[in-house]
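Have a look at the model first, then read on.

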Amino acid sequence: MYPYYYGFDPTMILLIPAMLLAMYAQTKVQTTFNKYLKVYSQKGYTGAQVARYILDKNGLRNVDIELASGRLSDHYDPRSKVLRLSNDVYHGTSIASVSVAAHEVGHAIQHGEEYFPLTFRNNLVPIVNISSSMSWIFIMLGFLVTPSLLKIGILLFSGAVLFQVVTLPVEFNASSRAIDQLVTNSLITTEESKYSKKVLDAAALTYIAAAASAILQLVRLVILSNSRDD
C-alpha cells in the first residue's frame, strides 16, 4: 500500500504545480483581457463586425452571430453553427474584443474545413461526458471495494485527459488563424497584432493549465493504483 502520513496523501503534491498554473492562468487571462479591453483598435470595428467580415470572407455566411450573456463566455457552437459573443466582445472596439471575436471565428473556419483535431475533439464530447462522470464513481469504489474497479475508473478518466490534450492544438490553431485573418484583412495593424497575440496567448494558458491538471491527476491515480497492487 502507498504510505499515508497522518491521513495525508503524499501523491497530492503532484497536483500543486497544476493548481498554481491554473491560478496564474486565470489571473493572467483576466488582467490581460482587462488591459487590452481599454486599448481601442485603430480601425474602430466592433467584435461583431470583425466576426461577420471574416466569416463572410471565408464563405461562412450561414454562420449566425448572437449576443451571449456573461463575461468571457464567447464560443462557437458547431451544432447550430452560431457564434456567440459576450457583450464586451460583441459591441467592443478594443484589441481584446476583436481578438477574441476572431479567435472564435477561427473555430468556425476549422469546422467548415473539417479540421481533424476539432472533428476528433467534437466526436469525443459524448464519450467524455459519460466517462468523466462515471470515472470517479469507479475510482471511489476502487478504493473502497476492489483495485480492479480503480483500474476501470482510471481508464475512463483517461478519456477526459485525451480530450484536454486534443483541445490544445485546436485552440492554438484557432488563435493562429485569428491573427492571420485580422492582419491579412487589414482589420488591425501589424503593430496591433502583437497586442492581439498577448490576449490570445493569455487565454491559451487556461487550456494548458487544464491539460496539465488532467495529466498530473492521471499520473497520481496510476501511482495509487500501482501501490494497491504491491
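H2 and H4 cross in a right-handed way (right-handed if the near helix is turned clockwise from the far one by less than a right angle, left-handed if anticlockwise). Keep in mind that this is a predicted model, where local features need pLDDT of at least 70, side-chain atom pairs count only at pLDDT 80 or more, and totals for chains, interfaces and linings use all residues. Residues are numbered from 1 along each chain as its sequence is written, and side-chain values use heavy atoms, with hydrogens and water left out. Helices (H or I, at least four residues) and strands (E, at least two) are DSSP runs, numbered from the N terminus.

**H2 against H4**

- The axes of helix H2 (residues 47–57) and helix H4 (residues 95–113) come within 8 Å and cross at roughly 30°; axes are lines fitted to C-alpha atoms, for helices over the stretch in contact, and angles run from 0 to 180 degrees between N-to-C directions.
- That makes H2 roughly parallel to H4 (under 35 degrees is roughly parallel, over 145 roughly antiparallel, 65 to 115 roughly perpendicular, and the rest oblique).
- On the H2 side, Gly47, Val50, Ala51, Ile54 and Leu55 meet Ser97, Val98, Ala101, Ala102, Val105, Ala108 and Ile109 of H4, with contact meaning heavy atoms within 4.5 Å.
- The residues of this contact split into 10 nonpolar, two polar and no charged (Ala, Val, Leu, Ile, Met, Phe, Trp, Tyr, Cys and Pro count as nonpolar, Asp, Glu, Lys and Arg as charged, and the others, Gly among them, as polar).

**H5 against H6**

- Helix H5 (residues 116–144) and helix H6 (residues 147–184) have axes that come within 7 Å and cross at roughly 150°, which means H5 is roughly antiparallel to H6.
- The H5–H6 crossing is left-handed, and its contact residues divide into 25 nonpolar, seven polar and two charged.

**Glutamine 181**

- Glutamine 181 sits in helix H6 and is buried, at 15% relative accessible area (buried is under 20%, exposed over 50%, partly exposed in between, with a 1.4 Å probe and protein chains only).
- Leaving out residues up to four places away in sequence, glutamine 181 touches Ile54, Asn58, Ile109 and Leu187.

**The sheet**

- Three strands form an open sheet in the order E1-E3-E2, with mixed pairing; two strands pair if DSSP finds at least two bridges between them.
- Strand E1 (64–68) and strand E2 (75–77) are the edge strands, each pairing on one side only.
- E2 and strand E3 (residues 82–86) pair in the antiparallel sense over three bridges, and aspartate 77 has valine 82 in E3 as its bridge partner.
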